[in-house]
Amino acid sequence: MTGLLRYGLLMLAAVMLTGQRNAILVPEVSQNEVRVRQGFTGTELLLFGAILDPEGRRAGAEYDIVVVLKGPTEPIKLREKERFAGIWVNAESSDFRSAPSFFAVAASRPISEIVDNRTAAIYELGTEFIQLSPSGQIDPEKQQRFAAGLVEQRERLGLYKQDMGGVKISEQVLYQARIDLPSNVTTGIYTAETFAVTDGRVIASAVAEVDVRKVGFERFVETFSQTYAFFYGLVAVMLSVGMGWIAGRLFALV
């Protein structure tokens, strides 16, 4: 489906819904499925859509748009390192039950100019507002320190990012944002949530999904490792031992 036809369908759907009381938000994603195969170097997602007010007028100039793309959540354990007797050793640690494997935010303006911190925290409109679920009791200051460390670590890996100004609004009704998925993304269902904001309030939201999945040999390996974990581990050990033996024989012949 061409981009022009998609925009046309978005406009038609928005007009058909103009009897609603709140602003109408109709989101779309350029790819509903991302296939990860050998040599995958990442891809770019185009998140776009249309927004109209209840009377069907062009309303883009009156609204800000924020797009939040999140990957599947996963438990994670973080450890701090400290120097002891000249060497680095493990120090304090913290467990989080549901850290998003990928998190990206794009907005039409800086979040601080759109909403207050309380609203930003409710809707996770920024990497500093990611809602992590610590396991057990944890000191708030310690939790904040470990959360900041997790964000910094994943920003370096390209898994957490934000682009304040990354949403472009055109013709007072259409918006678009581009978000890069790196090659090291986790597979699973990604949610792209779009928020329309005016006067510091979120007045409309909508969700689209993107399925990131492995195909080909990579898919076979992933399925085998999950279904037959014991045999997968056994094969991995045998391959490791075999490669070590072959390498040893080659060095002996040199």
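Of the 254 residues in the protein chain of this predicted model, 37% count as buried, where buried means under 20% relative accessible area, exposed means over 50%, and partly exposed covers what lies in between, with a 1.4 Å probe and protein chains only. The chain exposes about 15000 Å², and carbon and sulfur atoms supply 54% of that area, as computed by the Shrake-Rupley method with a 1.4 Å probe.

Before I go on, please keep in mind that this is a predicted model, in which local features need pLDDT of at least 70 and side-chain atom pairs count only at pLDDT 80 or more, while totals for chains, interfaces and linings use all residues. Residues are numbered from 1 along each chain as its sequence is written, and side-chain values use heavy atoms, with hydrogens and water left out.

The secondary structure comes to six helices and twelve strands, taken as DSSP runs numbered from the N terminus, with at least four residues of H or I for a helix and at least two of E for a strand. Among contacts with a separation of 6 or more, 69% are between residues 24 or more positions apart, a contact being heavy atoms within 4.5 Å.

Four strands form an open sheet in the order 1-3-10-9, with antiparallel pairing, and two strands are said to pair if DSSP finds at least two bridges between them. Strand 1 (24-29) and strand 9 (167-170) stand at the edges with a single partner strand each, so one side of each has no neighbour in the sheet. Strand 9 is joined to strand 10, residues 174-181, by four bridges, and Lys 168 stands opposite Gln 176 in strand 10.

Now the aromatic side chains. How many aromatic pairs does the count come to? The count comes to three, where rings of Phe, Tyr and Trp (its six-membered ring) pair if their centres lie within 6.5 Å, and planes under 30 degrees apart count as stacked, over 60 as edge-to-face and the rest as tilted. The ring centres of Phe 103 and Tyr 160 are 6.2 Å apart with the planes at 65°, so this pair is edge-to-face. Because Phe 103 lies in strand 7 and Tyr 160 in strand 8, the pair ties together parts that are 57 residues apart in sequence; both Phe 103 and Tyr 160 are buried.

Tyr 123 and Phe 195 also form an edge-to-face pair, at 5.2 Å centre to centre and 65° between the planes. Tyr 123 is partly exposed, with a relative accessible area of 31%, whereas Phe 195, at 2%, counts as buried.
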